[in-house]
Amino acid sequence: MPRQPFYLIPRALSATELEGASPLGALAWAQAFELWDEVGRRRGILPAGEDMARALLTSLAPPDEAAALAHCRVVVDRNSAPRPAIAGLSLDKPRIMGVVNVTPDSFSDGGDRFDAGRAIADGLAMAEAGADILDVGGESTRPGADPVPVEEELRRVLPVVKGLADHGVAVSIDTRRALVMAEAAAAGAAIINDVTALTGDAESLSVAAESGLPVILMHMQGQPQTMQADPRYDHVSLDVFDYFAGRITACEEAGIARGKLVVDPGIGFGKTLAHNLRLLGDLALFHATGCAILLGVSRKSFITKIDGPSAPKERLPGSLAAALQGIRQGVQLLRVHDVGETRQALNVWRNVDVSVLP
Ligand code: 9MG
């Protein structure tokens with residue numbers, strides 16, 4: 001993907017509107033923006049203000065002022081515009097997506113829910129505990145996982161999608177396959193969650209467009225079997241940003257509006273610890289896509305690389321610490337295993353945001 005002419009990275013963030021601060025998709029405000037050039041070098045700091053686009057133009061001093069000003073306005077507007085609701089859920093508060101893996105080999109819950117009845121009961125308990133969305137998946141995407149046949153994936157997920165949707169819960173279907181997207185949509189799924197950002201199946205762009213559902217575009221380098229072998233980037237945050245720019249264009253050309261797209265940097269998917277940490281520090285960069293942002297850090301192995309060995313179910317403290325880092329940067333959706341605990345952490349964090357103190 002070609003580089004953008006510049007990147008704006010929101011800094012000095014608060015969860016409450018302060019005088020002069022710029023909104024970032026409605027859940028965070030920035031008091032300043034770092035201006036990065038096309039290779040990620042810092043070129044200056046712009047205070048948030050009245051006419052950000054003009055201030056940007058002055059800093060960039062481009063040869064073609066008119067074209068550059070138009071581009072600056074697009075970037076500033078994309079950063080700040082409130083995001084449209086997805087699946088009937090307004091994004092003016094952080095939303096929790098609970099993970100319902102219907103797999104025998106999930107890394108995080110060890111296949112506890114490899115039974116439709118159990119998966120539905122656990123999903124409903126998550127909804128009761130505060131999940132706004134339930135993410136149903138029938139194929140593990142953990143590092144090293146092998147694909148499952150499509151018939152088996154359908155057999156696993158469809159009764160669970162239908163069972164949960166019939167109870168009025170917003171269900172997302174976690175799949176890389178167009179057939180599973182289509183069948184799950186027919187069974188009541190309200191969102192598509194694709195770790196391949198609609199590149200994993202030649203039909204998925206058109207099927208997703210046809211479904212009319214919102215789509216989560218996750219970034220992954222490589223394939224689950226081998227993605228952790230030796231991931232490399234020129235500049236991980238910019239490479240992921242540019243990947244989204246390309247996928248959003250492809251989606252728009254296929255008839256999926258930007259407002260229906262959610263971007264997700266794919267923590268742990270073809271990334272070293274250094275890549276994951278850099279992305280977690282730069283999450284606010286992705287507001288300039290104009291899309292809502294989803295973050296999935298729950299129980300992931302990067303926590304053990306920082307803190308030492310622990311089983312997935314013992315990683316709640318690290319998961320919450322990383323999730324709050326995302327919320328601080330205005331991430332709108334969190335994909336988690338521990339719903340009640342995450343809801344409590346979010347509630348407390350938003351009520352004690354120090355920036356509102358006099
Ligand atoms: C399916 N799946 C596993 N981890 C994920 C993550 O971080 N994000 C999204 N969107 N899906 C994920």
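**Salt bridges in the predicted model**

E153 and R177 are both buried. In this predicted model, the side chains of these two residues form a salt bridge, with 2.6 Å between the closest N and O atoms of E153 and R177. The pair joins distant parts of the chain: E153 belongs to helix α4, while R177 sits in the loop between β7 (170-174) and α5 (178-186), 24 residues apart.

R156 pairs with E152, and their closest N and O atoms are 2.8 Å apart. Both residues lie in helix α4 (residues 150-166), with a spacing of 4 residues, about one turn of the helix. R156 counts as buried because its relative accessible area is 8%, under the 20% cut-off. E152 has a relative accessibility of 22% and is therefore partly exposed.

The side chains of R11 and E34 meet at 3.1 Å, N to O. This pair, too, links distant parts of the chain, with R11 in strand β1 (residues 7-14) and E34 in strand β3 (residues 28-36), 23 residues apart. E34 is buried, because its relative accessibility is 11%. R11, at a relative accessible area of 25%, is partly exposed.

R11 and E34 also belong to a network of salt bridges that links them with R42, R278 and D282. Across the model, the count comes to 22 salt bridges, among them R11 with E34, R156 with E152 and E153 with R177.

Conventions: Residues are numbered from 1 along each chain as its sequence is written. This is a predicted model: local features need pLDDT of at least 70, side-chain atom pairs count only at pLDDT 80 or more; totals for chains, interfaces and linings use all residues. Side-chain values use heavy atoms; hydrogens and water are left out. A salt bridge is a side-chain nitrogen of Lys or Arg within 4 Å of a carboxyl oxygen of Asp or Glu. Helices (H or I, at least four residues) and strands (E, at least two) are DSSP runs, numbered from the N terminus. Buried means under 20% relative accessible area, exposed over 50%, partly exposed in between (1.4 Å probe, protein chains only).
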